[in-house]
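Hi,

Here is the structure I promised to pass on. Have a look at it first, and then read my notes below.

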Amino acid sequence: KSKSLNPLFSIKKKKDIYYSLYVICYDMLVLILPIIILFIGFAFAANNIITVGAVLGIYSIIGAVQDPLRNVADSISYYKEIKVKKNKLAFVDENNVDNIDLIINKIKIFGKGPHDKLYDLEFEKGKFYLIKGESGIGKSSIFNKIFKDKSFSSLNCKINNVDNMLLSDQTILSQISYLKQTSNLLMDSFYNNICLYNNYSNAEFEHVINLCGLTDFIRAHKNDIYKMNGIENVSGGEKTRICLARLLMQKKPFLLIDELSSSLDNDTSINIAKNIYNYCIENGMTLVVISHKEEFDNLIENKINL
């Protein structure tokens, strides 16, 4: 059983075994006891110890008593089950943070991750963090764990000091944006990919695409900006910038970026990094960046070296 599991949800092996034995013995007695008593009674009747009428009378009495006894035994079993469920429900109610109104102020990652790497990281709202480290050391696992990745059971995440597994996906996704190395786009227009069918102003849209270095790209495709097939045949760097524009447009309190420069040239990534940094300051957003390059080195003071 998992050590991180609350005791109320853990398996009590001895208790389960005893309960199973009780159920088996009870079922056997209910089925076999009347037959045994009937045979014993007829044996006594054959030896003239008691009469056949007395045997049938005893059997009838046992049958009459059997149902109340079964009800008592079942009631005891039901009471035990309900008591366990009541305790579990009390635990869930006490820790019921499955609420879209929850304001995330702190994210903590701790425990053992890939390559037996020990983590003890904390990201506070309103601050900026830069995570550095060699490729393959497990930087992306930090962000994946925030979104309930189960790859490393010994690596844990707490949001506002509560296990993130107790939070709904909606609660996490409503306040944390995540730009992955692999960008995903909708088979839709440029505009809908960035705005996600929300009604943003033209000024907001133009400001964000400018920050992400998409102005020239959008102008070159101005005839396709609202077309359903407008997103076809874009490069990896363009996909990254479109997804970034989408996240900046949403202005969620936390912005996580995993290797911004993986599909961008050096000058472009440096310029966009400065724009992201200033945009997050202006909008009170928390920024956590994973990078093995230098585009954020001169911008973010809180550096975490893995």
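This is a predicted model: local features need pLDDT of at least 70, side-chain atom pairs count only at pLDDT 80 or more; totals for chains, interfaces and linings use all residues.

Here's one to start with: which residue does the side chain of Lys148 meet in a salt bridge? The partner is Asp169, with 3.1 Å from N to O. Lys148 sits in the loop between helix 3 and strand 4, while Asp169 belongs to helix 4 (residues 169–173), so this pair ties together parts that are 21 residues apart in sequence.

**The overall picture**

The protein chain has nine helices and nine strands. Of its 306 residues, 37% are buried. Its accessible surface comes to about 18,300 Å², and carbon and sulfur atoms hold 55% of that. If you take the contacts with a separation of 6 or more, 71% of them are between residues 24 or more positions apart.

**Helix 3**

Helix 3 covers residues 139–146, and six of its eight residues are buried, so it is largely enclosed by the rest of the structure. The buried ones are Lys139, Ser141, Ile142, Phe143, Lys145 and Ile146; note that two lysines, Lys139 and Lys145, are on that list.

**Strands 1, 2 and 4**

Strand 1 (residues 106–112) runs antiparallel to strand 2 (residues 118–124), and seven bridges join them. Five residues lie between the two strands of this hairpin, and His115 there has a positive phi near 60°. Strand 1 also pairs with strand 4 (residues 155–159), again in the antiparallel sense, over five bridges. In that pairing, Ile107 stands opposite Ile159.

Asp120 is worth a click. In strand 2, Asp120 is the bridge partner of Phe110, and its side chain meets that of Lys108 in a salt bridge (2.9 Å, N to O). That pair links distant parts of the chain, with Lys108 in strand 1 and Asp120 in strand 2, 12 residues apart. Asp120 counts as exposed at 58% relative accessibility, and Lys108 is partly exposed at 23%.

**Another salt bridge**

The structure holds four salt bridges, including one between Lys127 and Glu124, whose closest N and O atoms are 3.4 Å apart. Both ends are partly exposed: Lys127 at 38% relative accessibility and Glu124 at 31%.

Ile49 lies in the loop between helix 1 (13–46) and helix 2 (52–94), and at 54% relative accessibility it counts as exposed.

**Two more spots**

Asn192 is in helix 5 (residues 190–195) and counts as buried, at 17% relative accessibility. Its side chain makes a polar contact with the side chain of Asp188, at 3.2 Å. Leaving aside residues up to four places away in sequence, Asn192 touches Leu186 and Tyr197.

Gly284 is in the loop between helix 9 (266–282) and strand 8 (286–290), and it is partly exposed at 48% relative accessible area. Its C-alpha atom is 9.4 Å from that of Lys252, although the two are 32 residues apart along the chain.

Cheers

Definitions and conventions:
Residues are numbered from 1 along each chain as its sequence is written. Side-chain values use heavy atoms; hydrogens and water are left out. Helices (H or I, at least four residues) and strands (E, at least two) are DSSP runs, numbered from the N terminus. Buried means under 20% relative accessible area, exposed over 50%, partly exposed in between (1.4 Å probe, protein chains only). Two strands pair if DSSP finds at least two bridges between them. A polar contact is a pair of N or O atoms within 3.5 Å; within protein, one must be able to donate a hydrogen and the other to accept it, and residues adjacent in sequence count only if both atoms are side-chain atoms. Contact means heavy atoms within 4.5 Å. Accessible areas come from the Shrake-Rupley method with a 1.4 Å probe; for residues, only the protein chains shown count as cover.
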